[in-house]
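Q: Could you walk me through how to read a few side-chain features in a model like this one?

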Amino acid sequence: MSDQSSSAPPQRRTFLMVLPLIAFIGLALLFWFRLGSGDPSRIPSALIGRPAPQTLLPPLEGLQAGNAQVPGLDPAAFKGKVTLVNVWASWCVPCHDEAPLLTEFAKDKRFQVVGINYKDAADNARRFLGRYGNPFSRVGVDTNGRASIEWGVYGVPETFVVGREGTIVYKLVGPITPDNLRKVLLPQMEKALGAGS
């Protein structure tokens, strides 16, 4: 009588040992590609098509334009103008990268550029604007982050396009870059200008 072992053949045993590793690698690749394919700037906003939040914010004390205090955020100022609303902070690294682009963009007087300074120290915010130039016609101070929550902000920087009727028409999550300024924000601003005329 031949001696037969009750254990599985060596090939089958090896396959069973490697199977969990294959499953793990497959799942890891799936997660990698799914996470890598997402564009964080395409996070939808529930506020698109709705009126901008009616939140009044105080001005950044000591921020002057000419000899006058730069006013705070007043949603009534959106009416009749196409507005770029930028949520920023001096401690935000990408905000430093986008600041020169905003300063250049603000030279186009067809639009108004408004800032919401998010959870920042006033001295640091003024120093930041002194370093890069102040592109904002208004700067509202959101010291506790409550107004930013009302705007649906996930983190800084974020930028909104508000149409002439005071309605949010577009939201950009993340910093303004030369590429998305040219390909996305400017076309959205032009579209908002055309819609309100």
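A: Gladly! Let's start with salt bridges: the term stands for a side-chain nitrogen of Lys or Arg within 4 Å of a carboxyl oxygen of Asp or Glu. Keep in mind that the model is predicted.

Q: How many salt bridges does a search of the whole structure find?
A: The general idea is that side chains of opposite charge can pair when their charged atoms come close. Here the search finds seven salt bridges. One of them links Asp123 and Arg126, with the closest N and O atoms 2.3 Å apart. Both residues lie in helix H3, three residues apart, about one turn of the helix.

Q: Are Lys171 and Glu158 buried or exposed?
A: Both are buried. They form a salt bridge too, with 3.3 Å between the closest N and O atoms. Lys171 lies in strand S7 and Glu158 in strand S6, so the pair ties together parts that are 13 residues apart in sequence. Elsewhere, salt bridges that share partners join Asp108, Arg110 and Glu190 into one network.

Q: Now for the rings. How many aromatic pairs are there?
A: For each pair, look at the ring centres and the angle between the planes: under 30 degrees counts as stacked, over 60 as edge-to-face and the rest as tilted. The count comes to seven aromatic pairs. Trp88 and Phe136 are stacked, at 5.7 Å centre to centre and 15° between the planes. Trp88 lies in strand S3 and Phe136 in the loop between helix H3 and strand S5, so this pair ties together parts that are 48 residues apart in sequence. Both Trp88 and Phe136 are buried. For Trp91 and Tyr118, the centres are 6.2 Å apart and the planes are at 50°, so that pair is tilted.

Q: Last one: what lines the largest cavity?
A: To read a cavity, take its volume and then its lining. About 60 Å³ of space lies in the largest cavity, and its lining includes Trp88, Phe128 and Phe136. H2 supplies the largest share of the lining, five residues. By class, the lining has eight nonpolar, three polar and one charged residues.

How values were computed: Residues are numbered from 1 along each chain as its sequence is written. This is a predicted model: local features need pLDDT of at least 70, side-chain atom pairs count only at pLDDT 80 or more; totals for chains, interfaces and linings use all residues. Side-chain values use heavy atoms; hydrogens and water are left out. Rings of Phe, Tyr and Trp (its six-membered ring) pair if their centres lie within 6.5 Å; planes under 30 degrees apart count as stacked, over 60 as edge-to-face and the rest as tilted. Helices (H or I, at least four residues) and strands (E, at least two) are DSSP runs, numbered from the N terminus. Buried means under 20% relative accessible area, exposed over 50%, partly exposed in between (1.4 Å probe, protein chains only). On a 1 Å grid over the protein atoms alone, a cavity is a set of points where a 1.4 Å probe fits but cannot get out, and a pocket is an open set with protein on both sides within 12 Å along at least five of seven lines; lining residues have an atom within 4 Å of a point. Grid points are joined across faces, edges and corners, and a volume is the space filled by probe spheres set on the points. Ala, Val, Leu, Ile, Met, Phe, Trp, Tyr, Cys and Pro count as nonpolar, Asp, Glu, Lys and Arg as charged, and the others, Gly among them, as polar.
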